[in-house]
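Hi,

Here is the structure I promised to pass on. Have a look at it first, and then read my notes below.

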Amino acid sequence: MKLIRVFFEKRDRAKYISHLDLTRCMTRAFARTAIPVWFTEGFNPHIYMTFALPIPLGFEGARESFDFKLQEDDFPLEQVKEQLNAALPPDIRVLEAAPAVNKPEAIAWADYRVQIFDPAGAAALERDWEDLLAQPAIPVEKKTKHRVQQLDLRPMIAERSRQGEGDCLTLELRLPGGAAMNLNPNLLLEALWRQRGGEAEYVRVLRTAILTAEREPFA
């Protein structure tokens, strides 16, 4: 038995699929294949499947991942990719299947491409963004199932690049993304809306990479 990590992309319409529905989608895809996947034991057997860092609803993912257990060690991993892609909807595509290298606990960062569209134009959006970053602190409330946590976003934001064109401001950001701290870009966008006095017309968020504490790609 071998632990396999499947890397996949979740694009366009698939961003509206919740994590629970994504899990169901992958489970049903496996059922349409001949992949010798391992099932848990007990009264309710199901495919062992774990997602290291589930992507929030409404976000696209360029290289997401999940793990499963392969019963036959010599089963070709290229077949895992081909058979799953034949069974998955068009906006979810497997990129690669490989033996798992890192443990999920190794994840510490995530890179995002945030595209903000508004009739006010890219220059105005960039001024609002700069005004936000100029603040000594960006206080927000992060709500979980069990508590409300007070956070200062300012030291957590690492801007890698920005580009304005027409009515779109594109930000490349690196944010905490592990078990110790996982910063949803929506918290940052909510702070920006408060700064500019209203939401932008449209936002597109793509998670481009998941990284370890050493800032190496999660593998």
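Leaving aside residues up to four places away in sequence, Leu192 touches Ile116, Asp128, Trp129 and Leu132. Please keep in mind that this is a predicted model. Leu192 is found in helix H4, which covers residues 185-196. Its relative accessibility is 3%, so Leu192 counts as buried, the cut-off for that being under 20%. I also checked Leu192 against Gln115: they are 77 residues apart along the chain, and their C-alpha atoms are separated by 13 Å.

Leu88 was the other leucine I went through. Its place is in the loop between helix H2 (77-87) and strand E4 (92-99). Is Leu88 buried or exposed? With a relative accessible area of 8%, Leu88 is buried. Again not counting residues up to four places away in sequence, the residues that Leu88 touches are Cys25, Met26, Ala29, Arg93 and Val94. From Leu88 to Met1 there are 87 residues along the chain, and the C-alpha atoms of the two are separated by 24 Å.

The structure holds nine aromatic pairs. One of them joins Phe30 and Phe66: the ring centres are 6.2 Å apart and the planes stand at 85 degrees, so this pair is edge-to-face. Which parts of the chain does the pair of Phe30 and Phe66 tie together? Phe30 lies in helix H1 (residues 19-31) and Phe66 in strand E3 (residues 60-70), so the pair connects parts that are 36 residues apart in sequence. Phe30 counts as buried at 3% relative accessibility, and Phe66 counts as buried at 0%.

Phe59 and Tyr112 form an aromatic pair too, and it is edge-to-face, with 6.3 Å from centre to centre and 75 degrees between the planes. Phe59 sits in the loop between strand E2 (49-50) and E3, while Tyr112 belongs to strand E5 (residues 107-117), so this pair ties together parts that are 53 residues apart in sequence. Both Phe59 and Tyr112 are buried.

Ring pairs also link Phe8, Phe30, Phe51, Phe66 and Phe68 into a cluster. Then there are charged side chains placed over rings. Arg63 lies over the face of Phe7, 4.1 Å from the ring centre. Lys69 lies over the face of Trp38, at 4.9 Å from the ring centre.

Finally, the chain as a whole. The protein chain has four helices and ten strands, and along the sequence they follow the pattern β-α-β-β-α-β-β-α-β-β-β-β-α-β. Taken along the principal axes, its C-alpha atoms fill a box of roughly 55 × 35 × 30 Å. Of the 219 residues in the protein chain, 46% are buried. Among contacts between residues at least 6 apart in sequence, 74% join residues at least 24 apart.

As for the surface, the protein chain exposes about 11,600 Å², and carbon and sulfur atoms supply 50% of that. What about charge? The protein chain has 29 positive and 32 negative side chains, and the centres of the two sets lie 3 Å apart.

Happy to talk any of this through.

Best wishes

Note on methods. Residues numbered from 1 in each chain as written. Predicted model: local features only at pLDDT ≥ 70, side-chain atom pairs only at ≥ 80, totals over all residues. Heavy atoms only, no water. Phe/Tyr/Trp six-rings, centres within 6.5 Å; stacked < 30°, edge-to-face > 60°. Helix = DSSP H or I, 4+ residues; strand = E, 2+ residues; numbered from the N terminus. Buried < 20%, exposed > 50% of the residue type's maximum accessible area, 1.4 Å probe, protein only. Lys NZ or Arg CZ within 6 Å of the ring centre and 35° of its normal. Contact = heavy atoms within 4.5 Å. Areas by Shrake-Rupley, 256 points an atom, 1.4 Å probe, with all protein chains shown as cover. Lys, Arg positive; Asp, Glu negative; His and termini not counted. Charge placed at Lys NZ, Arg CZ, Asp CG, Glu CD.
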